[in-house]
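Visitor: I am new to this one. Please take me slowly through a single part, the packing on the inside, and tell me what lies around it.

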Amino acid sequence: MSSEAQQYINDMAEKRGYVLEYHKIMATADFEVLKAANTVVSGAYLKPRLLDAKTKELLFILSLTVMRAPKPQLKSHIQVALDHGASPQEILEAIEIALPEAGIVAFQYGVEAWQEVVQVETLEPQVEVHTGKD
């Protein structure tokens with residue numbers, strides 16, 4: 001990997017608070033396309049505009065939930081939203097918006113990713129249930 005590509009990945013991690021697996025792959029496989037894609041993302045998402053960072057993260061979480069994006073990507077945006085001041089409840093409300101439009105499967109997927117990040121205490125049934133493992 002070139003030192004320029006390494007510095008680019010380091011800068012991305014510093015500015016975003018994360019890098020995705022495809023960023024790391026493209027830094028070595030096709031650095032020019034990575035830079036082009038990042039320019040679009042920077043314009044629409046990273047640059048300060050009318051929406052604040054917390055709101056953008058909530059929108060990202062909703063869209064990633066609806067699309068059932070890779071769970072590490074969804075979880076990274078949940079963490080970034082928390083870092084930008086979103087409460088766990090605000091993030092859950094953003095995920096809940098997926099329910100009427102994308103359905104229960106997308107909603108469940110988002111809730112599971114949310115739980116893995118925020119670690120809310122869960123309740124277990126106090127009666128015997130079929131686990132589906134029999």
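Guide: Start with one term: a crossing is left-handed if the near helix is turned anticlockwise from the far one by less than a right angle, and right-handed if clockwise. The model is predicted, so local features need pLDDT of at least 70, side-chain atom pairs count only at pLDDT 80 or more, and totals for chains, interfaces and linings use all residues. Residues are numbered from 1 along each chain as its sequence is written, and side-chain values use heavy atoms, without hydrogens or water.

First, the whole chain. Read from the N terminus, the order is α-α-α-α-α-α-α-α. Along the principal axes, the C-alpha atoms fill a box of roughly 60 × 40 × 25 Å. Of the 134 residues, 31% count as buried (under 20% relative accessible area; exposed is over 50%, partly exposed in between, with a 1.4 Å probe). Now take the contacts (heavy atoms within 4.5 Å) with a separation of 6 or more: 56% of them join residues 24 or more positions apart.

Now the inside. In soluble globular proteins, nonpolar side chains tend to be buried together.

Look closely at isoleucine 61. Setting aside neighbours within four places in sequence, isoleucine 61 touches Leu74, His77, Ile78, Ala81, Ile91 and Ile95.

Follow the link from Ile61 to His77. Histidine 77 sits in helix H5, residues 71-83. Its relative accessible area is 1%, so histidine 77 is buried. Beyond neighbours within four places in sequence, histidine 77 contacts Tyr18, Tyr45, Glu57, Phe60, Ile61 and Leu64. Serine 76 is in helix H5 too. At a relative accessible area of 15%, serine 76 is buried. With neighbours within four places again left aside, serine 76 contacts Tyr18 and Leu20.

Next, the helix pairs. Two packed helices are described by the angle between their axes and the distance between the axes. Helix H6 (residues 88-96) and helix H8 (residues 104-118) have axes that come within 9 Å and cross at roughly 165° (axes are fitted to C-alpha atoms over the stretch in contact; angles run from 0 to 180 degrees between N-to-C directions). H6 is therefore roughly antiparallel to H8 (over 145 degrees; under 35 is roughly parallel, 65 to 115 roughly perpendicular, the rest oblique). The crossing of H6 and H8 is right-handed. On the H6 side, the contact uses Pro88, Ile91, Leu92, Ile95 and Glu96. They meet Phe107, Gly110, Val111, Trp114 and Val118 in H8.

The other pair is helix H1 (residues 3-16) with helix H3 (residues 31-46), packed at about 20° with axes 12 Å apart. That makes H1 roughly parallel to H3. H1 and H3 cross in a left-handed way. H1 brings Glu4, Ala5, Tyr8, Ile9, Met12 and Arg16 to the contact, and H3 brings Phe31, Leu34, Lys35, Asn38, Val41 and Leu46.

Finally, what lies around. Arginine 68 is found in the loop between helix H4 (53-67) and H5. Arginine 68 has a positive phi of about 50°, although it is not a glycine. With a relative accessible area of 42%, arginine 68 is partly exposed. Glutamine 119 lies in the segment after H8. Its phi is positive as well, about 55°, and it is not a glycine. Glutamine 119 counts as exposed, at 56% relative accessibility.

One last stop is alanine 27, in helix H2 (residues 21-29). At 5% relative accessibility, alanine 27 counts as buried. Alanine 27 and alanine 102 are 75 residues apart along the chain, and 33 Å separates their C-alpha atoms.

Note on methods:
Helices (H or I, at least four residues) and strands (E, at least two) are DSSP runs, numbered from the N terminus.
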